[in-house]
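This report goes through a few local features of one protein model. The sequence and the structure come first.

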Amino acid sequence: MCKKSGLHLHIAMYPLFAMGHITPFLDLANKLAKAGHTISIFLPTKTRLKLTPHNHYANLITFIPISIPPVDGLPCGAETTHDIPASARPKLLHAMDLTRDIIDSQLSNLKPDIVLFDTLDWLPGLARKHGVKSVYYAVQTPAMFGYCSINARNLISDHHLVESDLTNPPPGFPTPEIRLRGHESRAIVRIFMGEVGNGLKFLQKHNIAIEQSDAILFKSCREMEGIYCDFVEKNFYNKPVFLAGPVVPKTPTTKLDEFFNNWLNNFSHGSVVYCALGSECVLQIDQFNELVLGLELTGKPFLAVLKPPVGYEKLETVLPEGFLERTKNRGIVYDGWVQQLLILKHLSVGCFVTHCGPGSLSEGLISECQLVLMPQAVDQFVNARVMSLELRVGVEVEKRGEEDGFVSREAVQKAVSVVMDDGSEVGKEVRENHAKWRNFLFQEHLEESYVSLFVQNLKDLIG
């Protein structure tokens, strides 16, 4: 029985300060608050204010501001990974480590029943000091978590990971067809082997956090990813694996921005290609050009939300010569925040070219848009393979080779055509599978049953 009452829990949350981590925590907080539980989320001061409109239960969810301690090399005012270049991310992690005393004091005052966290290796010990259990909330998919398991690969915790270690799946991995290309393995190794302070590599910090926690939680459901959940439970310290359910994003109550709504209204049902590669993806100039030229090559209207390529500040200065004139009235390339869920819901949008971040995949799966998969970093590579090879709900854009992962304009055009053209057999299959899983995700009481089971898991863990 929890300390506060026999029915409701008080749950503290401390996500990594990256929007791709904060958002899943807040989504889960809303689902738990809907069931009557109290949530306290530690968030950066300014970011907390930006997220207030997404707190649907302000009477039960409290945002507790955390100031970012100054760290040499971390830009002044930076709060999340969105505010900094990739090279400065270890500095942000170090800054979060420096909040340990603040969190210690907060836990003493709040006296929560349980703490949900990710990445911070010292948090489980701090929770134990206050007699509180800790649960590692993995924002990655169970498949990615299991694929990169050093335990499953029989590697020691301080093993110096190299490219060849990750090229193939570990023994017993449920979908042996899933593998990483050379450039993908290298990209993950660079992050895993990066220094994050206190003499630790990121992979070591991640593994200590898991090892010291009392359980692992995924935003997933057994019907879709059960085989990967079982694999993780078997290969990670014999810890219980909890599932929060699919945590389907709630459609905002606001209306779509008038400019985009009016523009999309010009086109027929399901004809527009929407492309968005996430808030942190910055392409090289040659890859940027191939992508926008590929969208042009489809002959369909398109809305591409992209950041300026590496080394450039404005989109207008880098678009291919003649591109704006050729795509006038049927194409937009935009650098800025958009209401993605509302765009995907618009009747004119029929295809979603996505980087395969977990949040975007969730939004894509509950939409009626066909999925074109164009992974860019870390967990997105495995996510794309699961979507295309296991669930078969989308088509991945073909890459030129193993070494650089370059995508040509023709490959972009081909993938879009496959999922949107009625005559394509592959397109027919992915459309049918997508419809099946979309209907499953909207199944009545699905989320409530998973949240209820998860809460019972937490109560059992507390004892």
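The sections below cover a strand, an aspartate and a set of salt bridges.

## Basis of the values

This is a predicted model, in which local features need pLDDT of at least 70 and side-chain atom pairs count only at pLDDT 80 or more, while totals for chains, interfaces and linings use all residues. Residues are numbered from 1 along each chain as its sequence is written, and side-chain values use heavy atoms, with hydrogens and water left out.

Strand β8 covers residues 272–276. Helices (H or I, at least four residues) and strands (E, at least two) are DSSP runs, numbered from the N terminus. Five of the five residues in β8 are buried; buried means under 20% relative accessible area, exposed over 50%, and partly exposed in between (1.4 Å probe, protein chains only). Val272, Tyr274 and Ala276 point one way from the strand, while Val273 and Cys275 point the other way.

β8 pairs with strand β11 (residues 349–354) in parallel, through five bridges. Two strands pair if DSSP finds at least two bridges between them. Within this pairing, valine 272 is opposite valine 349 of β11. β8 also pairs with strand β9 (residues 302–305), again in the parallel sense, over four bridges. Here alanine 276 has valine 305 of β9 as its bridge partner. Between β8 and β9 the chain passes through helix α12 (residues 285–297), making a right-handed β-α-β crossover. Right-handed means that, with the strands pointing away from the viewer, the path from the first strand over the helix to the second runs clockwise.

## Aspartate 121

Aspartate 121 sits in the loop between β4 (114–117) and α5 (123–129). Its relative accessible area is 16%, so aspartate 121 counts as buried. The side chain of aspartate 121 makes a polar contact of 2.6 Å with that of lysine 205. A polar contact is a pair of N or O atoms within 3.5 Å; within protein, one must be able to donate a hydrogen and the other to accept it, and residues adjacent in sequence count only if both atoms are side-chain atoms.

Leaving aside neighbours within four places in sequence, aspartate 121 is in contact (heavy atoms within 4.5 Å) with Asp97, Leu200, Lys205, Ile208 and Ala209.

## Salt bridges

The whole structure holds 17 salt bridges, each being a side-chain nitrogen of Lys or Arg within 4 Å of a carboxyl oxygen of Asp or Glu. One of them joins lysine 34 and glutamate 448, at 3.9 Å from N to O. Lysine 34 belongs to helix α1 (residues 19–34) and glutamate 448 to helix α19 (residues 446–462), so the bridge ties together parts that are 414 residues apart in sequence. Lysine 34 is exposed at 56% relative accessibility, whereas glutamate 448 is partly exposed at 41%.

Arginine 385 and glutamate 396 form a salt bridge of 2.7 Å, N to O. Arginine 385 is in helix α16 (residues 379–390) and glutamate 396 in strand β13 (residues 394–396), eleven residues apart. Both residues are buried. Glutamate 398 and lysine 414 form another, at 3.0 Å, N to O. Glutamate 398 lies in the loop between β13 and α17 (409–420) and lysine 414 in α17, so this pair ties together parts that are 16 residues apart in sequence. Glutamate 398 is partly exposed at 47%, and lysine 414 is partly exposed at 43%.
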